[in-house]
Amino acid sequence: MNARVSERRIRNNRLRRKRQLQRHITMFLLTFILVISVSSLFFALRTKAQSNDEEVLYKYYKSVMVQEGDSLWNYAECYGNNRYYETNQDYIKEVMEMNFLDTDEITAGQYVILPYYSPEFT
């Protein structure tokens with residue numbers, strides 16, 4: 001009689017462990033699917049598609065010898081593209097960093113490297 005009770009208890013324990021394992025696997029799969037779904041939704045909303053009619057511009061750099069009367073503000077007006085720089089000051093800040101300038105003052109005969117954007121890919 002004791003042997004039957006022990007066997008029944010062992011069988012019930014096995015069934016209980018099997019159900020617990022199935023629940024754990026199901027919860028893991030549901031969690032995984034939920035994480036993938038939320039991630040996909042998040043990145044789909046953040047993706048910014050480029051329209052076909054929008055012109056693609058490539059960034060280039062050129063070395064320019066400063067002429068009399070030139071200033072970084074003149075270069076910002078000429079080369080600073082408003083799609084990539086919010087203000088002329090942003091363009092000037094980049095030029096100053098690239099050329100290791102402490103101020104926005106430049107002198108004739110000095111060479112500066114200027115970034116610019118062009119639709120041509122070379």
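**Figure 1. Buried residues of helix α3 in the predicted model.** Tyr-91, Ile-92, Glu-94, Val-95 and Met-96 are the buried residues of α3. In this predicted model, the elements against which these buried residues pack are β1 (58–65), α2 and β2. An α-helix has 3.6 residues a turn, so residues three or four places apart point the same way. After α3 comes Phe-100, with a positive phi near 55°.

**Figure 2. Crossing of helices α2 and α3.** Helix α2 covers residues 72–79 and helix α3 residues 88–98; their axes come within 9 Å and cross at roughly 115°. This angle makes α2 roughly perpendicular to α3. The crossing in which α2 passes α3 is right-handed.

**Figure 3. Residues at the contact of α2 with α3.** On the α2 side the contact is made by Leu-72, Trp-73, Tyr-75, Ala-76, Glu-77 and Tyr-79. These meet Asn-88, Gln-89, Tyr-91, Ile-92, Val-95 and Met-96 in α3. By class, the residues of the contact of α2 with α3 are nine nonpolar, two polar and one charged. Tyr-91, Ile-92, Val-95 and Met-96 are also among the buried residues of α3.

Figure 4. Neighbours within four places in sequence left aside, Val-95 is in contact with Leu-72, Ile-113, Leu-114 and Pro-115. Leu-72 is one of the α2 residues at the contact with α3. The C-alpha atoms of Val-95 and Gly-80 are 10 Å apart in space, and the two residues are 15 residues apart in sequence.

**Figure 5. Glu-94 and its polar contact with Tyr-85.** Glu-94 is a residue of helix α3. At 18% relative accessibility, Glu-94 falls under the 20% cut-off and so counts as buried. The side chains of Glu-94 and Tyr-85 are joined by a polar contact of 2.6 Å. With residues up to four places away in sequence not counted, Glu-94 touches Lys-59, Tyr-85 and Pro-115. Pro-115 is also in contact with Val-95.

**Figure 6. Phe-100 in the loop between α3 and β2.** Phe-100 is a residue other than glycine, and its phi is positive, near 55°. Most residues other than glycine have a negative phi, and most peptide bonds are trans. Phe-100 has a relative accessible area of 75%, over the 50% cut-off, and is therefore exposed.

Figure 7. The relative accessibility of Lys-62 is 31%, so Lys-62 counts as partly exposed. A polar contact of 3.2 Å is made between the side chains of Lys-62 and Tyr-79. Tyr-79 also takes part in the contact of α2 with α3. Apart from neighbours within four places in sequence, the residues in contact with Lys-62 are Tyr-79, Val-112, Ile-113, Leu-114 and Tyr-116. Ile-113 and Leu-114 are likewise in contact with Val-95. Lys-62 and Phe-121 are 59 residues apart in sequence, with a C-alpha to C-alpha distance of 15 Å.

**Figure 8. Ser-118 in strand β2.** Strand β2 comprises residues 111–118, Ser-118 among them. Ser-118 counts as buried because its relative accessibility is 14%. A polar atom of the Ser-118 side chain lies 3.2 Å from the backbone nitrogen of Glu-120. Residues up to four places away in sequence not counted, Ser-118 touches Val-56, Leu-57, Tyr-58 and Tyr-60.

Technical notes: Residues are numbered from 1 along each chain as its sequence is written. This is a predicted model: local features need pLDDT of at least 70, side-chain atom pairs count only at pLDDT 80 or more; totals for chains, interfaces and linings use all residues. Side-chain values use heavy atoms; hydrogens and water are left out. Axes are lines fitted to C-alpha atoms, for helices over the stretch in contact, and angles run from 0 to 180 degrees between N-to-C directions. Helices (H or I, at least four residues) and strands (E, at least two) are DSSP runs, numbered from the N terminus. Angles under 35 degrees count as roughly parallel, over 145 as roughly antiparallel, 65 to 115 as roughly perpendicular and the rest as oblique. A crossing is left-handed if the near helix is turned anticlockwise from the far one by less than a right angle, and right-handed if clockwise. Contact means heavy atoms within 4.5 Å. Ala, Val, Leu, Ile, Met, Phe, Trp, Tyr, Cys and Pro count as nonpolar, Asp, Glu, Lys and Arg as charged, and the others, Gly among them, as polar. Buried means under 20% relative accessible area, exposed over 50%, partly exposed in between (1.4 Å probe, protein chains only). A polar contact is a pair of N or O atoms within 3.5 Å; within protein, one must be able to donate a hydrogen and the other to accept it, and residues adjacent in sequence count only if both atoms are side-chain atoms.
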